[in-house]
Amino acid sequence: MKSGDLRPAADATRTRWIDFARGIGIILVVYGHVLGGLVRANVFPDGPAAQWMDYTLYTFHMPLFFFLAGLNVQHSLRRGARSFLEGKAWTIAYPYVLWSLVQGGTTMLLSRDANIPILPSDLAAIWYRPIAQFWFLYALMICHVMAALVPSRKAMIAIAFIALAVFLLLPVQAGLPLTLHHFVFYVAGLYGAGATAAWRPSGWSVLALIVLAFAGAVALGGYLSDMDANGLASLPACMLGIGGTLALCKLLDDKRYRWLAVIGVTSMTIYVLHILAGSGMRIVMLKLHVPPQPWAYLFAGTAAGVILPLVAHAVLARLHLLTALGLAPLVKGKPAAVAATQAPTSARTPA
């Protein structure tokens, strides 16, 4: 690909359905965060519609990312644990620190318009207390370290279920403890990669059945868990949501939905920039006195949270800055510009 070309590479190293799944996942992440920001800003009413949308999204969209992150780990570990962790330090740990500081610093400058103010003490504490959406990168790095240091499959599975049990017993489950909840999905991807790759949904009727089951699980889980998306009663909806997403992605036509693969390939850039873009759109619209139509703000914020980072990715690729900003991996023996445009999917997204 040419520098700045966002199109997915047409080579044997790519798995298009994973690109699709990451694309769907990151769109849902943006949508959920924009919705939350609008509710806190009193632009979108905090009623049943917002609550059920929020609950439905959070039952499965972050577990989906952890599951996808685990799929390529076994293959990557063949290079050795040290090489694996060095790569993840650049594509996960480094962007975590860099973009936490960038987003946190920007939020401090725009404190009057921010829903959740950031203090200097918050930035100083990112080593053990992630801010905003960056808890995911912090938690994901912990998962990768565990995969490298614990080679036993039985031990990893046992740790995953113990972690989930501990999480469900915690009185406070927000923030970094979410690692305990999501580790089981990472392990599921780690050891279920072969079965997942081999699975071929027999048709759209299978997807329809999964969607119906998911809707029922969401309704029941929301009632039993009191709208706790990470509760035990929400696990069936979580698993069906992940399964339905994978089924959909395996049924999609590669050429017709190439745009979705592009979004999946650039999901790391979207992830680190979407809060700035989506919140920025809300702030600009309010400053311009755009009538506070909730759905218009939700659509505009979501579109900005996806499209503006895509534009930024293309510009940074043209300037050969993706690698320097932690948005593409370091490739030994190749210039940074080549690394930025020829990296495999797993290294260019938060996985």
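Arginine 16 is buried in this predicted model, with a relative accessible area of 14%, where buried denotes under 20% relative accessible area, exposed over 50% and partly exposed the range in between (1.4 Å probe, protein chains only). Its salt-bridge partner is aspartate 19, the closest N and O atoms being 4.0 Å apart; a salt bridge is taken as a side-chain nitrogen of Lys or Arg within 4 Å of a carboxyl oxygen of Asp or Glu. Aspartate 19 is likewise buried, at a relative accessible area of 0%. Both residues belong to helix 1 (residues 16–40), in which they are three residues apart, about one turn of the helix; helices (H or I, at least four residues) are DSSP runs, numbered from the N terminus. Because an α-helix has 3.6 residues a turn, residues three or four places apart point the same way.

The model is predicted, and local features therefore need pLDDT of at least 70 and side-chain atom pairs count only at pLDDT 80 or more, whereas totals for chains, interfaces and linings use all residues. Residues are numbered from 1 along each chain as its sequence is written, and side-chain values use heavy atoms, with hydrogens and water left out.

In total, the structure holds three salt bridges. One of them joins the side chains of arginine 82 and glutamate 86, at 3.2 Å from N to O, and these residues lie four residues apart, about one turn, within helix 4 (residues 81–109). Arginine 82 is exposed, with a relative accessible area of 68%, while glutamate 86 is partly exposed at 39%. A further salt bridge brings together arginine 129 and aspartate 122, with an N to O distance of 3.3 Å; in this pair arginine 129 is partly exposed, at 39% relative accessible area, and aspartate 122 is buried, at 17%.

Alanine 132 sits in the loop between helix 5 (120–124) and helix 6 (135–149), where it is partly exposed at 48% relative accessible area.

Helix 13 (residues 267–287) comprises 21 residues and should span 30 Å at 1.5 Å a residue, in agreement with the 29 Å that separates its end C-alpha atoms; the expected span is 1.5 Å times one less than the number of residues.

Isoleucine 307, in helix 14 (residues 294–318), is partly exposed, with a relative accessible area of 46%. Together with Val311, Val315, Leu319 and Leu321, Ile307 forms a nonpolar surface patch of about 420 Å² of accessible area.

No disulfides are found in a search of the whole structure, a disulfide being a pair of cysteine sulfur atoms within 2.5 Å. Cysteine 238 is buried at 1% relative accessibility, and cysteine 249 is buried at 2%.

Note on methods: Patch = residues over 30% accessible without salt bridge, like charges linked within 9 Å, V, L, I, M, F, W, Y side chains within 5 Å. Areas by Shrake-Rupley, 256 points an atom, 1.4 Å probe, with all protein chains shown as cover. Helix = DSSP H or I, 4+ residues; strand = E, 2+ residues; numbered from the N terminus.
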